[in-house]
Amino acid sequence: MVVSSTVFKCSLVFGCTLFLLPSSQGAWRNLVSSWTDSGGQWTGSTPTSDSVFHFGPVRVWTPAINSANYEITSRVYSTTGIICGHMFKYKTGSTRTQSLVTKAWGYYLINGNSVRVSSTGIEYSPIVSYSYPTNQWNNLRSVVLGTQVTIYINDKLVKQVNMQGTGADSSSDNYVGLWCHSNTNERGRDFSVQKLPDCPKLPAINHLTVSPSKCETSSSSFGTTCSFRCSRGFKLNGPSNKTCASGGKWTEAGASVRCTDVNECLAYNGGCSHVCINTAGGYRCSCSDPDLRLTNDNHTCEVPDTRVTCGPSHIQISIPKARLPGVVVQDLHLLDPSCRATEDSTHFYLKTLFNQCGTVTNKTSSSITYANKVIERPLPKNVTITRIRELEVSFTCSYSRKKELITSQFQPHKSKLIFNKNVRGNFSFSFRFYPNSSFHTPYAGNFTVPLRLRQPMFFEVSVESENRELDVLAQDCYATPFNSVTRPRHWLIKDGCLVDSTLKDLNTSSPSVQRFSFQAFRFVGNYRHLFFHCHVTACDGNDVKSVCARGCAKGKPVKRKEKSQRRRLMQGLQLQAVE
């Protein structure tokens with residue numbers, strides 16, 4: 001705007017001449033003499049002997065900026081290596097001493113190798129080492145965002161500082177200008193200050209969420225970053241965020257941001273056993289045959305009324321005959337064609353042990369899964385037509401591998417726990433204490449067994465299954481004086497390693513049974529009971545890389561004396577011993 005010449009009162013502690021010059025943006029308010037302006041260019045020389053002056057700004061540009069976000073630009077030239085810089089913010093009423101300037105913040109360049117900043121009121125706070133060219137024009141730019149100021153020289157980042165002190169966070173009546181050192185001869189041009197315009201609000205797009213939400217509802221100030229994310233089932237196309245930059249424009253302004261539907265059916269058929277149908281933001285599964293229906297997982301198709309039985313050593317499937325018109329029992333078998341179906345008046349039955357009929361075993365750290373498939377005998381090659389559909393039914397049984405057994409008393413008696421994390425199958429485990437090393441007759445009944453210190457104690461953990469390839473491994477066993485997992489605690493086995501010095505791993509003839517002996521003890525203090533906790537793990541005997549096959553990670557391992565070193569099962573037991 002054009003401002004006519006006007007005289008202002010000076011609030012500094014030293015005298016000064018104040019005047020305004022016509023300008024398209026504003027005018028200079030001189031704080032010392034020896035400055036001249038012509039056609040947007042200016043020259044001046046700061047005093048050479050004023051030891052006080054260079055602790056403050058030299059020229060103030062008017063009118064004041066009523067904003068917390070603005071940008072100052074100019075070009076300066078010096079032949080001495082000492083160059084003025086920008087005054088970020090100046091508040092009327094500022095005072096100064098040899099070491100402190102109040103309510104004024106800025107910087108100047110000196111000797112071609114440093115930038116002296118006043119961000120706290122102290123002139124050299126901080127001193128920034130930065131090399132810049134001398135004896136040439138330098139482009140200066142200062143971007144003010146609230147109390148944060150970023151300094152650029154020739155479009156290269158020099159330093160980002162935070163203004164501190166009274167008035168540093170002001171968003172009104174903020175004057176800017178030149179901050180110079182004493183004994184400086186300056187030439188400059190193109191000084192400009194402008195409020196950084198806001199960027200327009202970002203348009204709302206289907207399935208797109210913008211953070212923070214005000215980016216969608218109102219304009220955003222310079223430096224604001226807005227991020228984008230799509231609803232579940234959609235993919236983001238375009239940049240993940242945009243920042244409000246100079247000129248009120250977003251970064252990557254030309255890049256569109258949109259959400260496109262993800263076709264989940266392209267990856268593994270969406271997990272559907274038959275047909276996958278893509279929908280906006282999701283998908284659904286369907287069955288290709290009207291005689292099939294989706295199970296509760298909404299992914300798997302099955303013949304209605306088909307039942308899978310998961311036993312301790314076998315898996316079985318029964319299929320109603322009414323669902324398979326024209327099929328005869330001789331046509332059905334498992335993966336191993338020798339494993340054929342049986343029948344009664346209403347159903348076909350196919351049954352197999354875990355290690356027979358082509359059953360496939362899959363192991364994870366938490367479960368063992370057995371899978372097989374019902375297959376119909378293929379039609380003869382010379383058959384022209386048929387009215388019997390091809391049949392292929394997969395079925396699985398999953399068994400949890402980990403459990404803790406707990407008994408409430410050491411009146412040692414047999415404690416058996418059936419665990420079933422996966423409701424479709426279970427193994428049976430037992431924990432028994434025996435009076436001697438014959439392991440012939442376990443303690444039974446509900447009576448107290450008196451213990452003597454160092455008396456031999458014998459116990460056995462086992463998995464009960466017809467699967468001869470299922471082993472058991474005790475991984476962590478310890479004793480406590482209470483019937484809860486608490487302290488104090490005495491370890492017998494830890495991480496598959498023998499810890500108690502009297503504990504012995506006894507030989508057994510079956511990999512599904514593990515036996516131990518140790519000497520009786522008691523906890524120091526007023527404790528009259530012993531509770532034993534034992535965690536065991538089940539493993540596939542054919543898996544040489546299982547935790548059972550690896551054994552003890554360090555120290556003395558728990559190993560059998562027969563060739564098979566494999567263990568598996570994880571089970572917990574608590575017994576309470578009364579002295």
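Which residue forms a salt bridge with glutamate 460? Arginine 515 does, with the closest N and O atoms 2.6 Å apart. The two sit in distant parts of the chain: glutamate 460 in strand β37 (residues 456-464) and arginine 515 in strand β42 (residues 513-519), 55 residues apart.

This is a predicted model, where local features need pLDDT of at least 70, side-chain atom pairs count only at pLDDT 80 or more, and totals for chains, interfaces and linings use all residues. Residues are numbered from 1 along each chain as its sequence is written, and side-chain values use heavy atoms, with hydrogens and water left out.

**Salt bridges**

- A salt bridge is a side-chain nitrogen of Lys or Arg within 4 Å of a carboxyl oxygen of Asp or Glu.
- The whole structure holds 5 salt bridges.
- Glutamate 71 forms one of them with arginine 141, the closest N and O atoms being 3.1 Å apart.
- Glutamate 71 lies in strand β5 (residues 69-77) and arginine 141 in strand β11 (residues 137-145), so this pair ties together parts 70 residues apart in sequence.
- Burial follows relative accessible area: buried is under 20%, exposed is over 50%, and partly exposed is in between (1.4 Å probe, protein chains only).
- Glutamate 71 is buried at 9% relative accessibility, whereas arginine 141 is partly exposed at 21%.
- In the pair from the opening, glutamate 460 is buried at 5% relative accessibility, and arginine 515 is partly exposed at 22%.
- Arginine 189 pairs with aspartate 190 in another salt bridge, with closest N and O atoms 3.3 Å apart.
- Arginine 189 has a relative accessible area of 28%, so it is partly exposed.
- Aspartate 190 has 40% relative accessibility and is likewise partly exposed.

**Disulfides**

- A disulfide is counted when two cysteine sulfur atoms lie within 2.5 Å.
- The count comes to 10 disulfides by this rule.
- Cysteine 84 and cysteine 180 form a disulfide with sulfur atoms 1.6 Å apart.
- The S-S torsion of this pair is about 115 degrees, so the disulfide is right-handed.
- Cysteine 84 lies in the loop between β6 (82-83) and β7 (85-90), and cysteine 180 in the loop between β14 (174-179) and β15 (185-195), so parts 96 residues apart in sequence are tied together.
- Cysteine 84 is buried at 0% relative accessible area, and cysteine 180 is buried at 0%.
- Cysteine 199 and cysteine 244 form a disulfide with sulfur atoms 2.2 Å apart.
- Their S-S torsion is about 95 degrees, so this disulfide is right-handed.
- Cysteine 199 and cysteine 244 are both buried.
- Cysteine 287 and cysteine 301 form a disulfide with sulfur atoms 2.1 Å apart.
- Here the torsion is about -105 degrees, so the disulfide is left-handed.
- Cysteine 287 lies in the loop between β23 (282-286) and β24 (293-294), and cysteine 301 in strand β25 (residues 301-302), so the pair ties together parts 14 residues apart in sequence.
- Cysteine 287 is buried at 19% relative accessible area, and cysteine 301 is buried at 11%.

**Nonpolar cores**

- A nonpolar core is a set of buried Ala, Val, Leu, Ile, Met, Phe, Trp, Tyr and Cys residues joined through side-chain atoms within 4.5 Å.
- The largest such core has 51 residues, of which Val374, Ile493, Phe518 and Phe532 touch the most other members.
- At least three residues come from each of domain 3 (304-380 + 388-400) and domain 4 (404-408 + 425-550), with bounds from an automatic or database domain assignment.
- Apart from this core lies another of 34 residues, among them Tyr70, Phe88, Leu140 and Ile151.
- Contact means heavy atoms within 4.5 Å.
- Not counting residues up to four places away in sequence, phenylalanine 518 touches Gln455, Pro456, Met457, Phe459, Leu492, Asp500, Thr502, Leu503 and Phe532.

**An open sheet**

- Strands (E, at least two residues) are DSSP runs, numbered from the N terminus, and two strands pair if DSSP finds at least two bridges between them.
- An open sheet of 4 strands has the order β26-β27-β30-β29, with antiparallel pairing.
- At its edges stand β26 (307-310) and β29 (342-343), each with a single partner strand, so one side of each has no neighbour in the sheet.
- Strand β27 (residues 314-320) and strand β30 (residues 347-353) pair in the antiparallel sense over 7 bridges.
- Proline 320 stands opposite histidine 347 in β30.
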